[in-house]
Amino acid sequence: LSLAMIAGVANSDITSGSVSTTYENPFVGKTVASFNWGSDDKLYWMEGDSSWAQEMKVHQYNGSTLSTIYTSAAYAGTWVLSNGDNIYFDNGSEYALYKYDTLVGGSATQAHQQTNAWGYTIHNGGLFISGSDANWNAKLYYVTLDQNGNATGPLMDLGFMGGPSGPMTFDSNGNLYYATGYSSGKIYKYSAAEVASAIAGTPLVNPVGHEFIDFNSFGYQGATGMEFDSNGHLVVTLTDFYLPSILVTFYTDVNGNYLSLAEVTATSNVGMTSVRNHQGNIYFSDNDGIYQVIPGVNTDADRYPNTIDADDDNDGVADGQDAFPLNPQESLDTDMDGIGNNSDGDDDGDGAADAVDADPLNAANAQEIMLPLNGIYKGSVIGDTTSGM
């Protein structure tokens, strides 16, 4: 096993991005299908077979010891979820979701089973499922979870979605975000009120009218993982199965509106899978490991890194017009001597100190201010004679 926190690119499959390797897959020919942390703060990850053999396992890692909590002659699923003291994971061959009690231990038990189910997320005591009906129309479903974490009650059809099943997530206000798994390259947004209404019996409608982000410009038509970072920006893994994949941050304003600003924060030669926000940090996985994203420089500590911030030091002067874009105390350097005007005693470099310069920002005019005998200017004694140039 290799557990390392190494700044920069740490795995040969990661070709760009500032990341550190949190966990490196120790099994040759196997893949990291998904991962998450439990309430016990242990790492749980799902193993799949890179050659599509029917062999899936779920492992528990406590920082030093790797244990296997589930094994099945099945295709690995794509989700590891954490809710309360339970860890959930899906068996791809059974279209079934299993749960493992991190406090009790023992064997995992089936919590839900549904034909053509693919994506899962848990929100406010309910299980949301992206899948399809018998005619392969993309649909969103919902079922409540009982106090033991098992699906209970009727399966509810929440309506047609805008494309093939993909990842889902909720923001802090309860709004639902749904990304297509392939073919259309879209992310849709439904308000918390619309979701509540759908659960009450009024299905979600008009996916086109709910398009939030079109990510086709990145060259991908499908997403595999999606999560919000601590600043409320949407982080998504884009991949087309076997092709190289990318991690993209889509930036939003304080009201959650997409700013049409996005940034590729990591690239891998192999398929990326899940995205997680754990203790305020963003983690993602590809076939061979789990990585933490190292945040970019953010000089003014606002919601945006310097790479996309138009005013890095938040002094009110745009970076393009700021002689000192990383110093909130300075923005001008009239004589271009490397010293900001607020610190420079001679802003225009004409030899006349600003305190006595009649035109302190014009090097062509070095005329000094005529002062009375023994005049005092800014606490400095000028002299006992008047002078002029």
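Okay, let's start in a loop: glycine 163 sits between strand E14 (151–160) and strand E15 (168–170). Strands here are DSSP runs of E, at least two residues long, and helices are runs of H or I of at least four residues, with numbering from the N terminus. Before I go on, this is a predicted model, where local features need pLDDT of at least 70 and side-chain atom pairs count only at pLDDT 80 or more, while totals for chains, interfaces and linings use all residues. Residues are numbered from 1 along each chain as its sequence is written, and side-chain values use heavy atoms, with hydrogens and water left out.

Is glycine 163 buried or exposed? It counts as buried, because its relative accessibility is 8%; buried means under 20% relative accessible area, exposed over 50%, and partly exposed in between, using a 1.4 Å probe and protein chains only. And what does glycine 163 touch? Leaving out residues up to four places away in sequence, the contacts are Ala138, Tyr178, Thr180, Ser184 and Tyr188, with contact meaning heavy atoms within 4.5 Å. Serine 197 is 34 residues from glycine 163 along the chain, and their C-alpha atoms are 21 Å apart.

Next, the sheet. We have four strands in an open sheet, ordered E7-E8-E9-E10, and the pairing is antiparallel; two strands pair if DSSP finds at least two bridges between them. Strand E7 (76–83) and strand E10 (109–113) are at the edges with a single partner strand each, so one side of each has no neighbour in the sheet. From one strand to the next, the twist averages 25 degrees, where axes are lines fitted to C-alpha atoms, for helices over the stretch in contact, and angles run from 0 to 180 degrees between N-to-C directions. E7 and strand E8 (residues 86–91) are joined antiparallel by five bridges, and asparagine 83 has asparagine 86 in E8 as its bridge partner.

Last stop, strand E20 (residues 234–238). Five of its five residues are buried: Leu234, Val236 and Leu238 point one way, Val235 and Thr237 the other. Which strands pair with E20? One is strand E19 (residues 223–228), antiparallel over five bridges, with methionine 226 opposite valine 236. That hairpin has five residues between the strands, and glycine 232 takes a positive phi near 85 degrees there. Strand E21 (residues 245–252) also pairs with E20 in the antiparallel sense, over five bridges, and there threonine 237 faces leucine 247.
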